[in-house]
Structure formats: C-alpha cells, structure tokens
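Trainee: Hi, could you walk me through this structure?
Mentor: Happy to, let's open it up.

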Amino acid sequence: MHKDLWNSVLSQISRSIDANRFETWFRPLTLVDNADPTVMILSAPNNFIADFLDQHYKNTILSTAKQFKHNLKEVSFTVSERDLSDSPPAHPEKKPQPLPPVNHVNTSHPSAQLNKRFTLDSFVIGPNNQFARSAALAVAEAPGKTKFNPLLIYGGVGLGKTHLLQSIGNYALSNIPGIVVTYISSEEFYLNFIDAIAKNNTKSFTSVFRSSDVLLMDDIQFFSGKESTQEEFFHIFNTLHQNGKQIVLTSDLPPSSLRGLQDRLISRFQWGLSVDIQPPDLETRVAILKKRADEGNLDISLDILYYIAENVSSNIRELEGVVIRLLAYASITHSDISFDLVKTVLKDSVKKETKRVSINDIIEAVSEYYNIPVNNIRDKNRHKEVAFSRQVAMYISKSITSNSLKTIGLNFGGRDHSTVIYAVQQIEQLIKKDDSVSKDVNYIISSLK
Ligand code: ADP
Ligand code: MG
C-alpha cells in the first residue's frame, strides 16, 4: 500500500473515533513497505500499542483500508526498531508528535489477562457476598453511569475479589460492543511502571490506562509506600473519573484502614461505593464445592461435600484446592470419592495451610497481651508503655514474618525503616538482659501459631 493511501485510511479513521484515542493509538503508526499487496503491515512504536491495536482495532483498520484497496486481506503489526524521529509524519497537516523510544515494556495489553472462567454466572451468591455481587452487576451493566464510581471491593484472601472484579470486565466485554476494558494487578502495574520509567516510556505505558472505558485494578493495598506509582495512578484515576469512565478496585482492607496510601487517593476511593466480601457460611461453601465438582464432572455425595466444607472454612481458594486434589486422586486411582480419600486429602491441605501470620495479627496479639489499644500501638503515642509494646510488635514482625523493614514501618503509622531497626535492636538487647521480656515475646509468638 502506498503512503498516500495510508494517510487517507488514517484520516478516515480519525473521523470515526475519539480524538484522544486517535492520538494515542493511530498517530504513531507508520506503514511498512512489503512485497505482498494483500497484506498491510503497520509499525507501532512499542509492544503495548501493537498488542492493543491487534486486539481492539485490527478489524476497523482492515475494513477502512479495504475501501481504498479492495484486494487487501490482512493487517498485521510490528514494533519498530529504528529511530522514527526523522520519518515523515503520519499526518502531514499536523506537526509530528515526539515519539516514545523503542524497546518497550514487553507486556501484552492488560485486557488479555481477563480469565474467562471468572464470570458473574460462575460466582456463587451467598449472604457473605450478595451486596458486592449486586454492586458488581450494576457496574457491569452500565459502566461509568452509576454512582458506584469507583467501586471498591474489599475482603480477605481467597474470598472472590479477583473473581468478581474480572467478572465485571467479562460481562461488559460481552455486552457492550467496542468497550475497552483493562485489567491489571497493582503489582504488575507497579513493576511495569518502574520499567517504563527506566526506559523513559511512561507516557505510552500510562496511555493504555487512560484510554480505558473500564479500569479494573486488583489489590491496591500493594501500592502502599510506593509514592511515585501512587502519584501516577492518582492522575490516571482523575482523568478516567472526569471522563465518566468506570474504575473498579479491590483491596484486602477497607479504604479507611489502608496504610501507606496517600490521603488524597484514599478519599477518592471513597467517592463511590465500598463493599466487602465476608468469609462464606457453610451453605455457601457447600454450594461452591458443588459447583466446582460439577464443573470437573466429579461425583461427590452431599454428605462428603458437607464434610469438606466443615473442615475447610477460611478460604475459597483452599476449598477449590481440595476439589482439584480429589480430582487428581480419583483419576489416578480410578476410584470413587470415599470418606477415606477425602480425609487423606484434607490432612495434606491442613498441613499446607499452616497459618501465615500478618503484621496486623501481631499488633492485635501484642495489644491484647499488654492491654493497650491497637490504635495506640499504631499511631504516634509516645507514652513509655505504649512505645515499648510497639517495639515488641515491630520486633516480632521482623522475626516471624518476611515483611521488609519498610513495610513493617508502614504498618505502624507510616514510620521509617530506621525506627524499625532501632526497635528491633532495643528488644534484642532487652531479651538478653531481662527474662520477663523474653518470656513476654515467646508467649506472644506462641499465641500467634
Ligand atoms: P481473592 O482475589 O479475594 O483473593 P479470588 O477471586 O482469587 O480471591 O478467589 C479464589 C478462588 O475462589 C477463585 O478460583 C474463585 O473462582 C473462587 N471463588 C471465590 N468466590 C467464589 C464464589 N462466590 N463462587 C464461586 N467461586 C468463587
Ligand atoms: Mg485476588
């Protein structure tokens, strides 16, 4: 295809889509010479843009280009390796935009990460998650058009937050033509953002998020203490919110308890609706088990399902783990699911479930032991006894969890890591000198296990 033809295609497309989107996705493209007249190859400045176009706009480009070149059969994308700064502008009538450098974040577009299994239909409703599910449905049906913006879903590990979050994306994608949904975990966002900074490429990285209709951001507690990432997310949040785009977030804590996040972010999280998911009751656990067993064509009697549900109560991921292991055993041994088999499988899973103690658990245990309110331990109270109990809690956090000094500090009202080091040294010395301190510490640690 000739460059002039490509320019006609571009200006045709620019008339049919939003100007911002055009600037982000189409403006940086250049046509690559190739011998095959039925194939059009377009060069994008980075993988993000190439993947995004491939998923969302390939057909638009193909059908538009066909109007100008009837024998065209295919559009494909490459990532340019050369310096594009002196190539002719894609749009001669406007000044070329400075193009981001090549060699970019090597990640496919985040919407590719939506798991098709996570749907509203496969989500079992119980009293523990009813409200969260209704809110998710409302948002999925009319993204950006309800008062639930942002919608924040919070609750403990393995209770269905990610499932519900991705359900919203899957629902919107299958019901609203052309909608752009972006899913990303906060950890991935952070890692890719850091990478983009290093490669001087933050603009094209964040453009993916800015041009979403629905942004699904998982586990925002992970942003704790990550200032520049929070800063960037703050701006993305504002852009989307102002443009009436839907934002859905998940977190392991209610917004008011999120430590290490900027106040202005937390207050924005509270603009819309926060809903929690609680651990499921017995009936719901049985219903979830039944659904999973049916999906795996696994024939398990109801009394065995009840038995499993009674023994695994904390976490739905664990429940599913049991079903998966039963499936494996049953297919290896070609035997039916018996009580004996279930007991063996459960014994394994209980061993694996050795409790992971959180800093929160530690603060609570210390608070109970010394009879000092949790809030006093966390905040700036300098009273001698409070300060001592806080140091004990920091010491135990360092000793029995794998959290960094920085994270530990953040859990104690945003204190610096040097404060944590000091506390750990203080308590280490006291343990050597003073039997009663070492008894205290050992008692609290054993109460946690
Ligand atoms: P979280 O993100 O809260 O840690 P997930 O959403 O990853 O938890 O859920 C863990 C597993 O439990 C997933 O496989 C999910 O499909 C399943 N699950 C959670 N809640 C439900 C539910 N209400 N109905 C069916 N499956 C569920
Ligand atoms: Mg999750």
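Trainee: How many strands does the parallel open sheet have, and in what order?
Mentor: In this predicted model, an open sheet of 5 strands runs in the order E5-E6-E7-E4-E8, with parallel pairing. Strands here are DSSP runs of type E with at least two residues, helices are H or I runs of at least four, and both are numbered from the N terminus. Two strands pair if DSSP finds at least two bridges between them.

Trainee: Which strands stand at the edges?
Mentor: Strand E5 (181-185) and strand E8 (273-277), each with a single partner strand, so one side of each is left without a neighbour in the sheet. The twist averages 15 degrees from one strand to the next; for such angles, axes are lines fitted to C-alpha atoms (for helices over the stretch in contact), and values run from 0 to 180 degrees between N-to-C directions.

Trainee: And how many bridges join E4 and E7?
Mentor: Strand E4 (residues 151-155) pairs with strand E7 (residues 246-251) in the parallel sense over 4 bridges. Tyr154 stands opposite Ser251 in E7.

Trainee: Where is Pro150?
Mentor: Pro150 sits in the loop between helix H5 (130-141) and E4.

Trainee: What about the phi of Asp219?
Mentor: That phi is near 60 degrees, a positive value in a residue other than glycine. You'll find Asp219 in the loop between strand E6 (214-218) and helix H9 (227-242).

Trainee: Switching to the ligand: which residues come nearest?
Mentor: There are 19 residues around ligand 1, and Val124, Gly158, Thr162, His163 and Glu320 come nearest. A residue is near if one of its heavy atoms lies within 4 Å of the molecule or strand in question.

Trainee: Which polar side-chain atoms lie by its oxygen and nitrogen atoms?
Mentor: A polar side-chain atom of Arg117 is 2.8 Å from a ligand 1 oxygen, and one of Asn129 is 3.3 Å from a ligand 1 nitrogen. From the backbone, a polar atom of Gly158 lies 2.7 Å from an oxygen of ligand 1. A polar contact is a pair of N or O atoms within 3.5 Å; within protein, one must be able to donate a hydrogen and the other to accept it, and residues adjacent in sequence count only if both atoms are side-chain atoms.

Trainee: How much of ligand 1 does the protein bury?
Mentor: Ligand 1 taken alone exposes 560 Å², and the protein buries 94% of that. Those areas are Shrake-Rupley values with a 1.4 Å probe; for residues, only the protein chains shown count as cover.

Trainee: Why does ligand 1 lie between two domains?
Mentor: Because domain 2 (104-277) and domain 3 (282-352) both give residues to its shell. The domain bounds come from an automatic or database assignment.

Definitions and conventions: Residues numbered from 1 in each chain as written. Chains lettered and ligands numbered in written order. Predicted model: local features only at pLDDT ≥ 70, side-chain atom pairs only at ≥ 80, totals over all residues. Heavy atoms only, no water.
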